[in-house]
Amino acid sequence: MTMLPDGEAPSRSPVGLSAVVERAAGGAVAILRINGRPLAGGVAQRSALMKLIGRLGRSRDVRAIVLTGAGLFDHDGFAAHEDLDALLGLVASSPAPIVAAIAGDATGAGLELALACAGRVCAPTSTFAWRGVAAARLPRAATLVHLARRAGMEAAADLVAFGRPLSAAGAAGVGLIDRVCCGDLAEAAGPWALTEGTARGLAPLALNVEAEVFGLRLKLRRHAPGQVAPLAAVRALEAAAALPERRLVAEIDRISSELARSEQGIALHYAAAGEAALEALGEDAPALATRLNWSLAREAIHLIDAGATPAQVDRRLEAYGFAEGPFARSDRLGMARVFAVTEGAPPGDDAWISYSPTIDLMADAQRPGGPGAAGWYRRAGDGSQVRFDPEVDELVRASALGQRLNRTPIADEVVVERCLRAAIEATAGHETADLCAAVLDAVWVRHLGFPRWRGGPLWQAQQMGLRTRAAPSRGRGLRPAATTSTA
């Protein structure tokens, strides 16, 4: 039920928008409490919210509006609905300034709604995040302006380009949040909104942001090498900091369109759709991830038997984009978590995913990896990881000698190709009508650290000109893709 300022109680909205309007500060402040998540709802819900905000904003006795609600600002959706654009514009231009009272988190479109408000207060536990870069989506032009000119380029890039969340204290420190307070945020925001809450404006256009942008590009080279989406986000922030409004919207649209059409942008959209569908797997996803990982981990062992080193395999896969290589992962989690068929099984012929004796020799040498235990790498005096251990090197050479293998150096590109093809073969073996390629690739991305911007093993198979048959037996079934495409 929606209680209007004059006490009139209209009938319940047919679209199910539930809201309550309260008065504070002698009636000068309207507190609009939204029950539900209209940003995630349909057009009708957002339309009803716009009508309510518009009516309050035009009310002569309302001098400020406080907008609040459980989960109202926590919406990791990024769809460019025209009605959502209209809602944000209405909030930003309301005759009665609107203050966002954020009791939880502010993410995605919810973050954009909060930044469209004239002021913001939040709880000490609130966090602020933009994960759109993982789906090749940039914030709207108005949001980018608020971030670049209010928080500064460095903090804005951390949030938008690198996807790093801000705590309540961090957001307040860079100026995105005006007050952090406990208790009923809406009641605290009301009187404050009438005095100082909406007085602070944006910084003027930056005359020279080249130095800051240069520093951010160097940061991208270190932390996101070769990735298109974070670079597009930095370019968009640069435009927001320096361009006037009449040119800004067109420039942001151009950058967004280029990103969406790029090869990596398409892969990111694909990965995001796969992750959304992955939710249906529930608790089965980690077990499936373990089985999928065997192929890559097995190939990694065979590579070091043939002449590569653990450090080379890890380094090349991490350069490709993996969160960490298999040997670094083994040292972090324990060898049984990465290379064993069944964790905790006693050593034996069937205990490990590979027939190579190298893993048995590692176990015999009491190098199981995991917290506090020796593994493939040694630890320096300060606890840092040194990716070479002469004992492991000798152990690998002894294993190769026992297998009568002539170890020879292996090119870096061969390391990546062999691991990727092993992952493709094994993943293709799990394709069924219920486990489509996008879901299987999403398991690799979410649970095994496969680079999201590369889509996944089966997406890469398509880019390599390989196509997988439905449910091929024993991991086989890759064949060249047809030269003609179908709609």
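Modeller: The largest cavity holds about 100 Å³ of space. A cavity here is a set of points on a 1 Å grid, laid over the protein atoms alone, where a 1.4 Å probe fits but cannot get out. Its volume is the space filled by probe spheres set on those points, which are joined across faces, edges and corners. Bear in mind that this is a predicted model, where local features need pLDDT of at least 70 and side-chain atom pairs count only at pLDDT 80 or more, while totals for chains, interfaces and linings use all residues. Numbering starts from 1 along each chain as its sequence is written, and side-chain values use heavy atoms, with hydrogens and water left out.

Sorted by class, the lining has 7 nonpolar, 2 polar and 2 charged residues. In that scheme Ala, Val, Leu, Ile, Met, Phe, Trp, Tyr, Cys and Pro are nonpolar, Asp, Glu, Lys and Arg are charged, and the others, Gly among them, are polar.

Searching the whole structure turns up 3 cavities of 30 Å³ or more. At least two lining residues come from each of H13 and helix H18 (412-428), and H18 has the largest share, with 4 residues. By class, this lining is 9 nonpolar, no polar and no charged residues.

Helix H13 (residues 310-320) packs against helix H14 (residues 326-333) at an angle of about 105°, with axes 7 Å apart. These axes are lines fitted to C-alpha atoms over the stretch in contact, and angles run from 0 to 180 degrees between N-to-C directions. H13 is thus roughly perpendicular to H14, a label for angles of 65 to 115 degrees (under 35 is roughly parallel, over 145 roughly antiparallel, the rest oblique). Contact means heavy atoms within 4.5 Å. On the H13 side you'll find Pro310, Val313, Asp314, Leu317 and Glu318, and they meet Pro326, Phe327 and Ala328 of H14. By class, this contact has 6 nonpolar, no polar and 2 charged residues.

Next come the open spaces. A pocket is an open set of points with protein on both sides within 12 Å along at least five of seven lines. The second largest pocket contains about 690 Å³ of space. Its lining has 32 residues, and His223, Gln227, Gly321, Arg452 and Trp453 are the ones nearest its centre. Two or more of its lining residues come from each of helix H8 (210-223), helix H9 (228-242), helix H11 (263-278), H13 and H19.

Leu144, Val145, Leu147, Ala148 and Arg149 of H4 make the contact with Ala236, Leu237, Ala240 and Ala241 of H9. This contact has 8 nonpolar, no polar and 1 charged residues by class.

H4 in turn is one of the helices at the largest pocket, where helix H2 (82-92), helix H3 (108-116), helix H4 (141-151) and helix H10 (245-261) each supply at least two lining residues. H10 gives the most, with 8 residues. This pocket has about 850 Å³ of space. Of its 33 lining residues, Asp85, Pro139, Arg140, Ala141 and Ala142 lie nearest the centre, and the class count is 20 nonpolar, 6 polar and 7 charged.

Methods. On a 1 Å grid over the protein atoms alone, a cavity is a set of points where a 1.4 Å probe fits but cannot get out, and a pocket is an open set with protein on both sides within 12 Å along at least five of seven lines; lining residues have an atom within 4 Å of a point.
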